[in-house]
Amino acid sequence: MFNQQSPFIQKTSSVTQVMLLVMLALIPGILVYVYYFGFGVLFNLSAAIITALVSEFIILKMRGLSVKNYITDGSAIVAASLLAISIPSIAPWWIIVIGTLFTIVIAKHLYGGLGSNLFNPAMVGYAALLISFPAIMTKWPQPIEYLSIHEHLNIFLYGLKEKVDGFTSATPLDFIKTQLFLGNKVIDTSSYQSYADATKIIGIGYLLGGIFLWYKKIITWHLPITFIISLFVIASIFWLIDPIQFQNPMTHILSGGSLLCAFFIITDPVSGPTTPKGKIIFALGVAVLVYLIRVFGGYPEGIAFAVIFMNICVPLIDKYSQPKVFGHD
Amino acid sequence: MKIIENIFKFNGGVKAQTRKSISTKVGIQKIGIPKYLKIPLRQHIGNLPKLKVKEGDVVLKGQLIAEADGSVSAAIHAPTSGKIKSIEKILLPHPSGLPDYGVIIESDMKDKWIKKIPINWAKIGVEATIKALQNSGIVGLGGAAFPSHLKMGSKATKINTLIVNAAECEPYITCDDMVMRERSEDLINGIELVESLLGAKNTIIGIEDNKPEALSQLQFHTKSHKNISIKVVPTIYPSGDAKRLIFLINGIKIPKGKRSSEYGIQMFNVATIIAIYRYISFGEPSLSRITTISGNITKPQNYEVLFGTPLKALINQSGGQKIKNDNFIMGGPMMGFKLPSIDVPVTKAMNCVLGAEPEMIEDKKEPLPCIRCAKCAEACPVSLQPQELYWFSKSDQFEKAQEYKLFDCIECGCCSYVCPSNIPLVQFYRYAKSELISEFRAQEEADVARERNEFRIMRLERERQERAERNAKRRAQSSKEEKSKLIDEKRAAISAAMDRIKEYEKKK
Ligand code: SF4
Ligand code: SF4
């Protein structure tokens, strides 16, 4: 029934191609990331991708689906990579493996595989890890503390052995929260300044990749721009009310993976909204939640939870944001 | 003449490779008169016309062979002179591949015209002219094949603007382009004529910006025409779709189910306008058209072909396929259909025939699931949500699909064209539409049947009663007489038999 009907021509595009472009777009961010936080990032990435491919292969076999058609779509690699670059570079291998399994097996395939996952797979993996291993997930090395490949490999294989003071660093968002919690009113920012600088540059790497994706028409402006503007506005409001207790809006945008979220996480097509208006509502919702969780919640980083929560709302958002059909307005 | 600059842009559309230049290298050529012409009686939307000839009749070029039956119908004329060889079912260039009635003419190769009678429309008046147009056999030559006189004659609505569709947005097709390059003068004369017949005040020609030669011809010939303006629209498929083109030109969105005439606009295709002009000013009915043959073809170009000419003649003249696969597509690659057979005649709707490129017909890559990337929604010129329609069609939730305006879909194919998962979206919509339509029909039939049934039961009951009454009466009246009559008859028969036996024995 479906053979040989019009249209007879097609644009040469494929899911694989889309995913390939997303991977390309991640490269600048990843390079800067490696520069600041060391080769551990690459170990994490490789471990995540290998785990993703192996587990996807097994599941496709079990589900009786064509391995050739589905594994080459590249979506597992993208999800695994997004997860890997959200995890600190000094995390041990098993963290990566567990997180990736959550991403691929539970968030993707238990929900029906490509195209059917309700939740953003990378964020499900991330949230699972953050809840289960909060200590590891929030421990970052001091930027440009050049560890050799060998040392990174050691940490990757056997975990972080001795706790070297000054080696690890809290994220700025985390740090301020702790200080405020301890009752400190004047906060010495020097202890996290270098970290903040590093994430700023990494963020700009993702921004470049994002612009590339927009230029290549893989994403539209709606999600990232709305997210960034909304986050900026909310943070500004609080900051203007009390600039000591609340951080300035630029810190919110340039740290904690906000830009990664704007261009790569919320732009996951499968778990996101499809209509232009829906995208605006979705991104606004994520921005509000991210801010609230960061500032008032129990976790230093709120992106994963915010995205997962908004994923639940997608069917509703889509339903009530349908654009006007030609001639029906 | 003026060039309109305002810009209205509809959502989406696609920029496909147009591949038009391959068939515009040489001018329009003629296909010689074939020995036999098979002329289908139904080459238009509407009723089968009434046959006016019989087998063995000799006909002249331009002679009426079938007359329009009712207003939604179009006449058919003999494309050349010759003899009616037979009237039989022939294969038609239609996706169904079903045969339909046609007239087969054996041409005498003289191509002798019947007396041409031009129409002095100024003298006989607009109404009579439009009536006469019904016998011209002219239908929309852009491919829709809607009888043209129907678009002329509505008194209920006032037409202000005539829009000439010269967009020709489908890839490969160049017949309108070539017509404008070579016959712009006829076109402009035709525009003046049609504008007057419609009572319109002005005319706008909508043309895509990929036809500079045609455009300069138009500009040249419209120099002194104040009432004609030209709107150059960007080359984005489907800008030539009637409602999209009207929007591009004057920003009016005409919804599904409404006609442009309700908005004071009437649209004609370039070739149709020329056909109307030739009929009224020269008395030439619709006997031929320009057809593009392109794609996987040795010499892609445009031909002027008599209706009824075997498609094979066209294919042979253009050198046949470059890569042989014997698959041909009628219409463009976006909205055309694969011809079930090439043993078909050229018809009024045949604006283009494509030799199928191998990649057009080979089995497409297996589709992946929809990844909700909304590329299709971005491309949909009707601003539908193709991914939702796909989901509802696929899961047989046809009512939901309808709620999401399935029937507004114009089947332009933009969504399928861009889908990275290779999903044949339009085919799902066709399926859903046909299911819904048969559902409506079944519902209608059921309603009618229920009514009929109730009525039938009532009738049967009444009839039964009447019959019973009648019988009772008759019985009461005639029972005695009948019985005695019967007995008499039997007696007579018995005595006759006895007599025969007696006679027989006597003979012995
Ligand atoms: S383009 Fe294809 S994959 Fe993307 S949303 Fe539309 S149907 Fe789904
Ligand atoms: S085929 Fe229908 S749904 Fe697809 S783009 Fe065209 S109008 Fe939209």
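1. Ground rules first. This is a predicted model, where local features need pLDDT of at least 70, side-chain atom pairs count only at pLDDT 80 or more, and totals for chains, interfaces and linings use all residues. Residues are numbered from 1 along each chain as its sequence is written, chains are lettered from A and ligands numbered from 1 in the order in which they are written, and side-chain values use heavy atoms, with hydrogens and water left out.

2. Chain A is assigned domain 1 (9-169) and domain 2 (172-322); such bounds come from an automatic or database assignment. In chain A, 34 residues of domain 1 are in contact with 30 of domain 2 (heavy atoms within 4.5 Å).

3. Those two domains of chain A bury about 2700 Å² between them, 78% of it on carbon and sulfur atoms (accessible area, 1.4 Å probe, lost on being put together, summed over both parts).

4. On the domain 1 side, the elements giving two or more residues are helix H1 (15-37) and helix H6 (121-132) of chain A (helices are DSSP runs of H or I, at least four residues). H1(A) gives the most, with 13 residues. By class, this side has 25 nonpolar, nine polar and no charged residues.

5. Over in chain B, the residues around ligand 1 include B:Cys370, B:Cys373, B:Cys376 and B:Cys419 (a heavy atom within 4 Å). The shell has eight nonpolar, two polar and two charged residues; Cys counts as nonpolar here.
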